[in-house]
Amino acid sequence: MKSHRALLALAVSAGLLALAACSKSDDKSADTAAAPADAAQSESPDAFVGRVNTTIEDMTPELTSAAWLGATFINPDSQRVESAANERWLTKNNEFIAQAKAYDTEGLDGATARALHLLKTSSSMPAPRDPTKLRELTEIASRMGATYGSGKWCVGEDCKDIGQVSEILADTDGSSYDQMRAAWEGWHSIAVPMRKDYQRFVELTNEGAVEMGFENTGDVWRAGYDMPAADFQAEADRLWGQVQPLYEQLQCYARGKLEEKYGEKGSINGMIPAHLTGNLWQQDWSNLWPLLQPYDGVGSLDINGALEQQRQDILSGLVAKAGGMRNLTASQQVEIERQADLEIATRMTRLAEGFYTGLGMPALPESFYEHSMLIQPRDRDVVCHASAWPMNTEGTDVRIKMCIKPTEEELTTIYHELGHIYYYLAYKDQAPIFQGGAHDGFHEAIGDTIVLSMTPEYMASIGLVDKPSVSEEAVINNQMRMALSKVAFMPFGLLIDRWRWGVFDGSIAPDNYNQAWWELKAKYQGVAPAGDPRGEDFFDPGAKYHVPGNTPYTRYFLSHVLQFQFYKSLCDASGHEGPLYTCNFADNPEAGQRYWAMMQRGSSQPWQQTLKELTGGEQMDASAVLEYFQPLQTWLTERNQGKTCGWEPASEG
């Protein structure tokens with residue numbers, strides 16, 4: 001999934017900036033252990049919060065630079081620098097959280113009470129008090145991130161990185177069943193070395209969580225949603241219950257098409273073989289479009305072709321300017337290809353920026369294009385997983401990190417990542433402690449709300465497709481394309497943290513990591529691995545970036561609910577009339593003003609209040625998802641008549 005690298009503990013992202021624990025080392029004296037309470041007596045809550053804000057502001061550039069190097073220059077030196085920077089912050093943050101717990105928030109100024117609440121509940125990597133264990137935790141976190149980022153599937157001396165593996169899976173027409181299975185299994189092999197590290201990581205973060213007053217790390221994660229942890233889990237279940245029937249119809253249709261193509265190998269007890277969805281984790285089925293397209297060629301939007309043609313035109317221009325390929329050495333030819341890659345990547349990014357500025361939001365700082373990593377470097381290992389970065393608290397240095405290719409998927413990813421960037425810019429005037437999403441699902445939903453407005457009409461307006469045809473068949477085709485991304489993702493967005501919550505609370509033991517993973521994949525997604533069961537000599541959860549990166553994942557599920565709520569509200573604000581799925585609020589100042597006003601709030605107030613200011617209600621609700629996809633759900637139900645839908649998940653135990 002697309003993620004952002006957020007600020008410190010209060011807008012946690014891909015792990016190494018994730019913050020932590022409470023007081024000082026257990027091996028200190030009782031007098032030292034009592035220091036936070038003593039500090040709380042000598043320092044007023046307002047003064048303490050002011051000091052925390054100043055520290056965050058001062059330390060952020062160093063922390064983010066270290067993390068940036070760790071992700072874009074993977075080597076032992078950058079790992080050491082990143083680990084040391086995080087250790088310094090975690091040590092400082094231990095003191096902050098411990099002191100925050102010592103204050104009684106009753107009667108305090110609202111902003112001060114809110115800041116103390118965020119300090120106590122917004123950690124995703126609770127660190128132990130013991131400095132030795134804290135250092136061990138940061139080293140493990142850095143090592144797991146580097147293992148993932150440098151991971152390759154090798155057959156002899158032929159090694160493929162995640163991008164090359166993904167290309168094999170994405171070519172659902174050209175790659176054979178066995179080629180896709182080999183690629184899928186090959187990538188999952190990169191996670192095996194992480195298994196022992198992850199087990200120790202869980203032990204260490206759980207120790208930190210207990211020292212913070214929580215039962216385990218999962219309890220810490222669930223406490224950050226302005227509601228009791230148990231209520232939050234029930235809320236996530238309620239939202240899934242709303243959309244589950246739509247997903248089941250989509251799974252049934254997709255499974256039937258796979259059975260038509262692959263025969264008995266196209267399903268496993270009603271479940272979809274994991275390597276056949278065109279995606280390493282079965283979270284996005286867009287690459288199955290050639291197989292699942294309801295009406296061949298109707299309303300076709302060849303955005304991939306348009307972008308590739310633009311890239312080819314750029315390359316042709318550069319070659320002509322250089323006097324033709326014959327006049328270039330091999331290294332010069334490679335470099336001119338790289339120039340074309342960077343120019344099309346930049347052009348795609350400026351298209352996305354144009355949507356936001358069209359809503360009245362500010363232009364990106366020029367440093368954004370100077371410092372961002374838009375294409376994959378040739379000379380070093382990097383984490384290509386797309387992410388957005390606030391490098392300081394002033395909003396003067398924001399970046400994205402991507403290995404952009406000229407495809408529709410990459411284009412929508414850029415629009416998504418700029419959602420994070422514009423959220424950073426919107427709340428930059430908040431105190432540093434409030435520079436985060438209303439909750440973490442908000443941060444993921446901002447850009448995806450914009451993606452929903454990338455209708456065929458919008459794509460035509462920016463010159464990527466011709467004026468689209470309008471027919472019932474075209475509507476179903478367009479809805480199917482969107483569902484293969486949005487609806488297919490939802491159960492995956494739920495199950496990763498269901499697995500981790502079980503790991504953290506001990507109900508999933510280390511000797512059952514992989515079995516439990518596939519039980520949850522079966523239960524929620526209706527997906528199973530081909531061949532023999534994946535035993536405990538594998539660590540398949542680690543093949544997904546967010547597990548070794550320690551990024552809580554329920555945020556992505558929540559974002560897939562919130563983005564449709566946001567979208568409906570912005571469509572209403574723009575004066576849209578007609579079916580929801582036809583709304584495009586590009587260049588609408590009223591929609592932009594309302595969105596920007598919400599984003600400016602950051603995490604300065606409970607998310608329920610922020611949600612109400614935009615949507616009029618305080619409850620997350622998936623009814624807008626169902627409204628949007630109503631034509632497709634009706635069509636799927638009709639096409640699935642007479643089929644045996646549903647699947648037989650493995651028993652949980």
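**Reading helix pairs and strands**

Modeller: Helices α3 and α4 are roughly antiparallel to each other, because angles over 145 degrees count as such and theirs is about 160°. Please note that the model is predicted.

Biologist: Which residues do α3 and α4 span, and how far apart are their axes?

Modeller: Helix α3 covers residues 45-72 and helix α4 residues 76-101, and their axes lie 9 Å apart. The crossing of α3 past α4 is left-handed.

Biologist: Which residues of α3 and α4 meet?

Modeller: From α3 the contact includes Phe48, Ile56, Met59 and Leu63, and from α4 it includes Val81, Ala85, Trp89 and Phe96. By class, the residues of this contact of α3 with α4 are 13 nonpolar, five polar and five charged.

Biologist: How are the side chains of a strand to be read?

Modeller: In a regular strand, side chains alternate between the two faces of the sheet. In strand β4 (residues 387-390), Ser387 and Trp389 point one way, whereas Ala388 and Pro390 point the other way.

Biologist: Are these four residues of β4 buried or exposed?

Modeller: All of them are buried. Strand β4 also pairs with strand β5 (residues 398-401) in the antiparallel sense, over four bridges, and Ser387 stands opposite Lys401 of β5.

Biologist: At what angle do α19 and α21 cross?

Modeller: Helix α19 (residues 472-505) and helix α21 (residues 554-573) cross at roughly 145°, with axes that come within 7 Å. Their crossing is left-handed. Among the residues that meet are Phe489 and Trp501 in α19 and Tyr556 and Phe564 in α21. The contact of α19 with α21 has eight nonpolar, four polar and two charged residues.

Technical notes
Residues are numbered from 1 along each chain as its sequence is written. This is a predicted model: local features need pLDDT of at least 70, side-chain atom pairs count only at pLDDT 80 or more; totals for chains, interfaces and linings use all residues. Side-chain values use heavy atoms; hydrogens and water are left out. Axes are lines fitted to C-alpha atoms, for helices over the stretch in contact, and angles run from 0 to 180 degrees between N-to-C directions. Helices (H or I, at least four residues) and strands (E, at least two) are DSSP runs, numbered from the N terminus. Angles under 35 degrees count as roughly parallel, over 145 as roughly antiparallel, 65 to 115 as roughly perpendicular and the rest as oblique. A crossing is left-handed if the near helix is turned anticlockwise from the far one by less than a right angle, and right-handed if clockwise. Contact means heavy atoms within 4.5 Å. Ala, Val, Leu, Ile, Met, Phe, Trp, Tyr, Cys and Pro count as nonpolar, Asp, Glu, Lys and Arg as charged, and the others, Gly among them, as polar. Buried means under 20% relative accessible area, exposed over 50%, partly exposed in between (1.4 Å probe, protein chains only). Two strands pair if DSSP finds at least two bridges between them.
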